[in-house]
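Visitor: Can we go through this one? Start wherever you like.

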Amino acid sequence: MTFLISAAVIAVGAAVWYVGARRAKSRKGELDKSPYHLGLDALIAGDRADAMKHLTQAVRDDPRNADAYVKLGSILRERGQVKQAIQIHRELLVKRRLPAAIRNDTIKSLALDLAAAGRWREVLEHLATLPRSERSDPLALALTRDAYESAGDLDKAAQAHKELLKAGSPEDQPTPGVYRAHLGLVAFRRGDTRRAKAEFQAAVKEDPTAGLAYVYLGDIAVREEDTERAIAYWMKLISEKPDCAQLVFERLEKAYFEMGDFGRMMGIYEELVASSPTNVRALTGLSRMLERKGSVDEALRVAREAVKHQGSTFEGHRQLIQILMRHERYEEAAKAAEPLIAELGDEHKERTCPNCETALDGYGWRCDSCRAWINEC
Ligand SMILES: [Zn+2]
């Protein structure tokens with residue numbers, strides 16, 4: 001009896017060993033082409049569709065492969081299927097006992113999902129469950145900062161940004177000065193003019209690349225009924241960032257008009273055209289001033305000059321046609337419009353985010369949609 005049991009045990013043992021050895025052997029043979037590894041390769045190569053296919057197969061073959069689930073969830077998020085991503089990552093956290101490293105990865109992935117869904121309070125809650133050392137990695141710090149920013153807690157956002165830069169953040173993060181300017185815009189849009197003003201003023205002192213802040217400093221001065229100060233800010237933008245001068249042309253024209261000092265505006269345009277003769281916005285501005293002064297032919301000459309250098313928004317043509325129409329020179333206007341007909345129906349001409357191509361709302365430092373940092377000015 002004992003012998004029989006021993007023999008049975010040995011036989012079962014041998015069978016288990018045999019099956020195990022075969023599996024190990026076949027696994028070893030397939031190692032470099034298992035769906036999981038093919039999925040990782042595809043992720044590295046940036047081929048998300050391929051990665052999705054292989055990783056789906058990997059979790060079918062081995063439902064315990066938590067890392068494959070984490071990565072599948074993240075691909076879904078990147079494809080815009082945020083709800084499904086949240087579901088996968090949340091289930092992993094709730095239903096599995098994960099090794100520490102994968103657990104941390106899952107929490108960060110879930111935080112990214114929740115950020116994509118704009119659920120910032122939950123982002124903070126989940127990041128708080130990370131061990132301290134993981135909370136100070138750049139991804140976690142950037143998410144923390146954005147969460148505070150969206151909650152309007154600008155002090156904590158600024159603090160997180162400082163820590164992010166200290167943590168050796170990726171290069172695409174803005175400098176402290178530009179970030180201050182961005183916070184100024186956040187405050188401005190929330191109606192907190194005092195805070196906005198303080199941030200903008202500190203920003204332009206700290207970092208000349210935050211020059212766009214002068215636009216808003218001027219706007220705040222206008223609200224405070226200090227037109228002279230507004231003009232001073234806008235002129236600073238023109239002198240320090242001539243490439244962005246067009247952002248304040250309209251504002252300056254209005255301010256000078258209200259002050260009854262339209263001639264100064266003409267002078268500004270003339271100076272700009274003299275220093276950069278291909279500046280289309282300055283040319284169209286000058287043309288507009290000349291027309292108001294009654295020098296229609298001169299205005300048309302300058303508008304025709306603008307046409308030569310105009311970009312995809314056809315500012316020169318618009319100006320030229322408008323002047324001709326206002327002076328009832330319809331035939332010439334129709335002729336000037338001819339080259340535009342071919343362009344009609346062409347792709348939209350609005351300003352878009354270079355990262356996600358969403359239309360941009362106003363001038364700032366960051367895309368509201370994908371949160372990429374942009375430098376337009
Ligand atoms: Zn974007």
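Guide: Start with two helices: the axes of H16 (residues 262-275) and H17 (residues 280-293) come within 9 Å and cross at roughly 145°. Helices here are DSSP runs (H or I, at least four residues), numbered from the N terminus. Axes are lines fitted to C-alpha atoms over the stretch in contact, with angles from 0 to 180 degrees between N-to-C directions.

Visitor: Which residues of H16 and H17 meet?

Guide: Among them are Phe-262, Met-265 and Tyr-269 in H16, and Leu-283, Leu-286 and Met-289 in H17; contact means heavy atoms within 4.5 Å.

Visitor: Is this an experimental model or a predicted one?

Guide: It is a predicted model, where local features need pLDDT of at least 70 and side-chain atom pairs count only at pLDDT 80 or more, while totals for chains, interfaces and linings use all residues. Residues are numbered from 1 along each chain as its sequence is written, and side-chain values use heavy atoms, leaving out hydrogens and water.

Visitor: Now the metal. What coordinates the zinc ion?

Guide: The SG atoms of Cys-353, Cys-356, Cys-367 and Cys-370, at 2.3 Å. Donors are N, O and S atoms within 2.8 Å of the metal (3.2 Å for Na, K and Ca).

Visitor: How are the donor residues spaced in sequence?

Guide: The pattern is C-x2-C-x10-C-x2-C.

Visitor: Cys-367: buried or exposed?

Guide: Cys-367 is buried, at 3% relative accessible area, whereas Cys-370 is partly exposed at 26%. Buried means under 20%, exposed over 50%, partly exposed in between (1.4 Å probe, protein chains only).

Visitor: And Lys-166, where does that lie?

Guide: Lys-166 lies in helix H10 (residues 154-166) and counts as exposed because its relative accessibility is 72%.
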